[in-house]
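My entries follow in the order I made them.

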Amino acid sequence: MTSFNLRRDLITRPILQWARGVMPALSQTEREALDAGDTWWDAALFTGDPDWNQLLAFPKATLRPDEQAFIDGAVNTLCAMVDDWQMTWETRDLSPETWAYLKDQKFFGMIIPQRYGGLGFSAFGHAEVVRKIATRSASAAVTAMVPNSLGPGELILKFGTKAQQDHWLPRLADGREIPAFGLTSPEAGSDASAMVDEGVVCYGTWQGKDVLGIRLNWHKRYITLGPVCTVLGLAFKLYDPDHLLGAVEDIGITCALVPTDTPGVEIGRRHLPAFQTFQNGPNWGKDVFIPMDLVIGGAERVGQGWKMLMTALGAGRGISLPAMSGAAAAFSALTTGAYARVRSQFHVPIGKFEGVQERLARIAGNAYLLDGARRLTCTGLDFGHHPSVISALLKSGATERMRVVINDAMDVHGGKAVIEGPRNYMGSQYRAIPVGITVEGANILTRSLMVFGQGAIRAHPYMLSEILAIGDEDRAQGLADFDAVFWKHVAHAIRTGLRAWGRSWTNGAISPAPDAGRATRFYRQMGRYSAAFALTSDIALLTLGGELKRKEMLSGRLGDILSELYFLSGALKRWEDEGRQDADFPLLRWCLESGFSTIEQRFDEVFANLPNRLAGWLLRIAVLPLGPRRRGPSDHVTRACADLLLEPSATRDRLVENVYVGGKDEAVGQLIDAFERVVATQPIHDRLRAQKIRDWKDGVEAGWVTPDEIAALEAADKAVAAVIAVDDFAHDGLAVKSQAAARPAVSAAKADGPEPRTPASDLGEQRTFSGVEL
């Protein structure tokens with residue numbers, strides 16, 4: 001019998017009873033999602049007192065020699081093989097030679113260890129490969145990245161049996177098998193638990209033998225590589241009505257491998273996602289029987305599919321999509337800065353107009369910020385962390401910033417980026433924006449439900465332990481556990497409240513900070529906002545309890561603060577890792593001042609909308625005693641950042657590192673050639689302008705310019721004219737024709753270039769653009 005304890009029995013017990021009334025128990029899917037990952041720097045931010053020296057001590061993300069060699073060799077070769085315009089408007093696919101090269105060079109096996117025939121790249125190596133390909137073609141990057149992120153490969157590697165690993169991983173690594181993963185269905189998008197795809201445990205025939213297995217029925221859509229895959233990873237709900245596996249009938253979400261030549265599998269025609277030409281489409285299964293050996297992990301892993309999926313999503317969210325966002329930002333910085341330098345209006349480069357400089361600075365600042373955050377995340381992943389909250393906020397934040405950057409780039413380019421054709425290097429990037437925003441967790445729900453919703457439970461120092469104690473069916477043990485952790489939480493909350501109040505009222509002056517040179521003051525403000533975030537989180541949870549799950553706008557704003565703190569941590573870490581470059585300081589300053597403005601705005605919105613008005617009023621006094629005061633980067637900082645894109649420099653090189661340019665016979669190569677010529681001839685223009693000489697010939701006669709310099713000026717003008725030119729087409733070349741025909745079904749993907757298969761149930765009218773089937 002448990003002895004009487006004054007605090008536990010008289011004080012903690014009624015608090016626990018109250019908490020059980022306001023805090024809903026964790027569902028099984030929520031618990032599995034929380035168990036699927038761990039915490040890292042997000043947990044430090046949630047404490048309200050992060051150790052900045054710990055952040056700076058994390059190793060710098062670096063490429064191994066074999067990874068750098070792969071990028072310099074195979075990746076550059078791949079980029080040279082890809083013609084995005086031709087893929088988009090003519091062939092609708094990678095060329096057969098490109099498919100063969102992807103397989104031969106093991107692009108589909110980047111995450112597969114070398115012992116299985118893969119490349120065994122680090123998270124950072126994987127990310128850099130995707131990033132560089134994405135600067136050439138988003139469709140090519142998606143094709144290479146999907147087998148290495150949300151796909152059977154990672155699930156087999158982490159959860160598969162040894163027999164599955166030995167059989168499938170070598171075949172996936174060398175491209176004998178093309179993988180896809182079937183998760184999304186018409187009924188289940190962001191809410192994967194709503195799927196109606198199901199499997200029933202039964203006996204059936206497999207390769208001539210009666211074996212225990214599963215009979216599957218499903219309908220999936222939006223499946224990348226689905227039209228060409230040879231093995232489909234499938235998520236479904238598993239039932240065992242005859243208790244062939246045990247006493248449980250409703251086993252839950254399960255993942256299995258389905259060879260697509262299995263009877264009953266139908267691979268549909270292609271989707272065309274925002275005119276991106278990576279292979280994507282629906283598929284179905286009707287009474288498809290597979291043996292239990294094809295369940296990922298075998299019979300012991302049935303019902304663990306949700307945990308598997310949450311684990312696998314970390315790669316796409318934490319590596320691939322941020323890499324593609326970073327690619328878009330760096331590509332936009334390179335091309336938009338160069339275009340703003342060579343394109344003149346009113347005899348002035350458009351990059352010198354302050355309205356344009358605002359956009360250039362935002363492009364440059366976000367490019368710096370994105371790469372800092374994704375490099376920091378790759379460091380954590382490479383050291384064995386699987387931070388699910390960080391992966392979610394990074395995916396959401398990175399792709400949203402990608403949208404901002406590309407929109408700014410489009411605005412600066414104007415008509416150059418609007419008119420489609422081989423000369424338009426921005427059009428495909430613009431069309432690809434919704435893909436990154438939508439896939440692997442739509443940003444709307446990721447922001448409003450996941451970032452703070454999971455972070456408050458997973459990354460908070462005490463919340464998860466409290467929730468588990470509240471839901472413990474052993475009431476005595478639950479009370480003991482709750483008593484142990486609750487009072488630690490109370491002490492923590494008091495310390496956090498005092499810390500937040502002190503740091504806010506002193507404008508961060510008493511916040512601890514490392515010796516970081518010119519950046520030291522930023523760490524003090526970060527410490528101030530971290531403490532304010534921890535206090536606000538505790539008060540929101542205290543006053544709203546489980547109701548906070550349904551206050552999605554409040555949750556989204558709190559998630560924005562956490563995201564900003566993480567992204568800014570990445571920017572500070574980048575500046576330190578790159579040697580505190582003074583020339584880069586305007587970029588760091590733009591990031592921090594922009595982020596601080598967002599943080600204060602979100603705090604103000606949270607305080608204004610907390611249902612408990614007294615709590616909102618007290619928090620405002622403690623955290624924002626003078627109201628929001630941060631206005632974002634000054635005009636001086638904005639101009640300095642914009643200028644960095646307009647002239648060659650080491651800073652610009654760091655910002656646009658690893659962007660594929662191509663030859664001078666291609667649009668981006670022509671742009672960079674014109675940029676270099678314009679910069680090189682600028683001193684000649686300055687000399688003539690100083691002498692008020694308008695006609696170059698007069699300058700020759702006066703001895704102020706040589707014939708060779710005149711030739712250089714003419715070459716620069718010719719290069720600029722080629723850059724600002726746009727494409728036009730013959731009228732009949734743009735005709736749209738109707739064709740009621742479908743591609744014939746084939747049994748499997750061909751070795752020289754996969755072909756999609758067409759189920760008889762989905763025949764119908766197809767459309768062609770300039771004679772090419774859609």
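**Entry 1: largest cavity.** I started with the largest cavity, which has a volume of about 90 Å³. The model is predicted, so I noted the limits: local features need pLDDT of at least 70, side-chain atom pairs count only at pLDDT 80 or more, and totals for chains, interfaces and linings use all residues. Residues are numbered from 1 along each chain as its sequence is written, and side-chain values use heavy atoms, with hydrogens and water left out.

My terms for space come from a 1 Å grid over the protein atoms alone: a cavity is a set of points where a 1.4 Å probe fits but cannot get out, a pocket is an open set with protein on both sides within 12 Å along at least five of seven lines, and lining residues have an atom within 4 Å of a point. Grid points are joined across faces, edges and corners, and a volume is the space filled by probe spheres set on the points.

I then listed the lining of the largest cavity: Pro59, Lys60, Ala61, Gly372, Arg375, Leu376, Thr379, Gly570, Lys573, Arg574, Asp577 and Glu578. Two elements give two or more residues to this lining, α13 (354-382) and α22 (552-577). Helices (H or I, at least four residues) and strands (E, at least two) are DSSP runs, numbered from the N terminus. By class I found three nonpolar, three polar and six charged residues in the lining of the largest cavity. Here Ala, Val, Leu, Ile, Met, Phe, Trp, Tyr, Cys and Pro count as nonpolar, Asp, Glu, Lys and Arg as charged, and the others, Gly among them, as polar.

**Entry 2: second largest cavity.** How many cavities of 30 Å³ or more does the structure hold? I found two. I classed the lining of the second largest cavity as five nonpolar, one polar and two charged residues.

**Entry 3: second largest pocket.** Next I looked up the second largest pocket, with about 840 Å³ of space. Its lining has 23 residues, and Ser344, His347, Val348, His685 and Arg689 lie nearest the centre. α12 (305-342), β9 (348-349), α27 (667-690) and α29 (707-724) are the elements that give two or more residues to the lining of this pocket. Which element gives the largest share of the lining of the second largest pocket? It is α27, with six residues. By class I have 11 nonpolar, five polar and seven charged residues for this pocket.

**Entry 4: helix packing.** I turned to α18 (residues 443-458) and α19 (residues 463-470), which pack at about 80° with their axes 6 Å apart. Axes are lines fitted to C-alpha atoms, for helices over the stretch in contact, and angles run from 0 to 180 degrees between N-to-C directions. α18 and α19 are therefore roughly perpendicular (65 to 115 degrees). In the contact (heavy atoms within 4.5 Å), Ala456, Ile457 and Arg458 of α18 meet Met463, Leu464 and Ile467 of α19. I counted five nonpolar, no polar and one charged residue there.

The axes of α1 (residues 6-22) and α20 (residues 475-505) come within 10 Å and cross at roughly 100°. These two helices are therefore also roughly perpendicular to each other. Their contact includes Arg7, Arg8 and Asp9 of α1 and Phe482, Asp483 and Trp487 of α20. The residues of the contact of α1 with α20 divide into eight nonpolar, two polar and seven charged.

Definitions and conventions: Parallel < 35°, antiparallel > 145°, perpendicular 65-115°, else oblique.
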